[in-house]
Amino acid sequence: MDVLNNLLTGFATALTLKNVYLAFIGCLWGTIVGVLPGIGPVAGITLLIPATFGLDATGAIIMLAGIYYGAMYGGSTTSILMNIPGESASVITCLDGYQMARKGRGGAALFIAAFGSWIGGTLSIIGLMLLAPILADFATKFGPPEMFAIFVIAFILLSSLGSNFFTTMPVVLLGLLLASVGMDPLTGVLRFTHGVKNLYDGIGFIAVAMGAFGMGEVLASTQESTEGRTVQKVRLRELLPTSKELRSSWGPIFRGSGIGFFVGILPGSAHIVSSFLSYLVEKRLAKRPEEFGTGRIEGVAGPETANNAASGGAMIPFLGLGIPTGPPAAVMMIALLIHGIRPGPLFISEQPLIFWGLIASMYIGNVILLILNLPMVSIFVNLLRVPFGILFPIILLICLIGTYTINLETFDLMVLLCAGGLGYLFRSWNIQIAPLVLAMILGPAAEVSFRQSLMRSGGSFSIFVDSPIALVLLIVSCLLLAWNIYRALKTPTL
Amino acid sequence: MTKTRAGSLVFLVAGFYGLILTLQLPMGKWNEPGAGAFPLIVSSLLCIFGIGMFIAGKGKVALDWRALIKEQWTPFQIIVLTGAFILAMERLGYLLSALLYIFALLFWVSRYRIWIALGLAVCIGIGSWYMFGKLFETPLPRGILPF
């Protein structure tokens, strides 16, 4: 009954005219971002952070979450109609989606992708609604040693975001080192500031995120070309699938929802992994697996549902523990931190309006997306006609103004430029930049919990194994570390 | 020099730089760790991983610096132009520097004809100034212009 009452309160918050409008803006921008190749959900969320400065925290998170799952919806459009994934989670949809479009069934593929995304999104919100409060309630028992053990797990998991542990772990460590720039939170000593006053409060997350994700993505996209691709046409009356197509889609949609939700909880590239996993499961279950890749509806329904369900799953560790499991959640965390709210074990009990308002807005957002994505698909496809040569200066300008707005300091723009250059450089070396930003966000809290634990124990490291919860968490992190090292040694891709 | 080794140099430089600076910070004792304790652990680990990555990067395909520079020319142009925009913004003001920045990007990087680049730069520059400066009331630098 508590859940139901809380959900009703959430709907009362989310259904205000302002919040419905913000959810709509977020979903619209997310769909645009998803459709346009070269701008992923992370860059999309980052670009709109400055627009949230004038909003309250509830409105801000509602809008940014809308971008997140909106991008998952939009990504399928270009995959199906152009054979170009709008974002990485839609890569697998190209295989059967584009073949369906070539056979004149593009409309049905788009419908199933949107419908499956809606079901997957809705089911994952139910999961989030039920699981996040339980996790958060359990986490209130955590003291500094347990929190430090959680951070250790998070850092080890972050190192699995990249293709190789030995190239990704240094990125995490670099992020932690950058996080220690500025005034020491416990003693007030200045660290690595070189007398630069702008560094006393540390290096700004927004400038780094805008640079690494926004500018870095633009710089990388200048190397890619989308010219010379043909767009498969789709008419409104072709949108409805046949009853056979609909029957074949139910199974993949429900299986995709489960796969997406549980993979989403795990840190890493959840959207990509879940869509690939769902595709493999459907292929394995199919009577004629050899037909996959030639335009099977199951190859669209499963992966598209899974990548949307993963968005809900990814919110659980983010909202329940304050640990973002991927770059989109990290950027949303930055937005909440700007509004003075830190997600974590106490978030749900201290900020019930924000949490339940967000949950309710996700239900509303999924309906908005269904309405947006089906009748307006041809409008979104037309966005692809805007040349990237015109688009990228606009994106860069938004990044620059957005970063400048935070402190009205050109110093932040220099940080953005450096982060953009570093982000691009890492991309071209096949090194992930996302762990750096995530480690920068988690670093200060990890350091404080580490030092507080030692102060509490009088300098004895046994405090980390005396607590059963911390001990279990550290054993898990040791196993994860061993697994990461084994995987990296077995398949060296340095 | 391989890609991996080039990447490892970033971590090595950051690690050793952090290590040197950390040693000047108060370390405290284990029962009361000082400001340098955590950065010391992190920068030491960074050095270890950097060295490991440098060693592991041996024997792979060497970087073709010429091809790399040619390949990176467009991003390099964008970075330089953005740097120039940042430096000019406080002096010239947002509107003027944005017009020049967008024009430069469209003309040199996107290779539009001069009149098209100019027209688009005026539209985007004034549009962004109006949207952020007037509608969103962001205090953008005025510079030499009165608005």
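I started with A:Leu408, which counts as exposed because it has 11 C-beta neighbours inside 10 Å, and the cut-off for exposed is 12 or fewer. This is a predicted model, by the way. I checked the backbone of A:Leu408 too: phi is positive, about 55 degrees, although the residue is not a glycine. A:Leu408 sits in the loop between α17 (388-407) and α18 (410-428) of chain A.

Next I went to A:Asn430, another non-glycine with a positive phi, near 60 degrees. I found A:Asn430 in the loop between α18 and α19 (434-457) of chain A.

Then over to chain B and its helix α1 (residues 3-22).

Which residues of α1(B) are buried? I listed B:Thr4, B:Gly7, B:Ser8, B:Phe11, B:Gly15, B:Gly18 and B:Thr22. They cover an arc of only 95 degrees around the axis, so they lie on the same side of α1(B). I also looked up what they pack against: α8 (165-179) of chain A together with α2 (37-56) of chain B.

Last entry, the domains. Chain B is split into domain 1 (3-63) and domain 2 (69-135). I noted 38 Å between the centres of these two domains of chain B, taken over C-alpha atoms.

Notes:
Residues are numbered from 1 along each chain as its sequence is written. Chains are lettered from A and ligands numbered from 1 in the order in which they are written. This is a predicted model: local features need pLDDT of at least 70, side-chain atom pairs count only at pLDDT 80 or more; totals for chains, interfaces and linings use all residues. Domain bounds come from an automatic or database domain assignment. Helices (H or I, at least four residues) and strands (E, at least two) are DSSP runs, numbered from the N terminus. A residue is buried if 20 or more other C-beta atoms lie within 10 Å of its own, exposed if 12 or fewer, and partly exposed in between; C-beta atoms are placed from the backbone. The arc is that of the directions from the helix axis to the C-beta atoms. Two residues are in contact if their C-beta atoms, placed from the backbone, lie within 7 Å.
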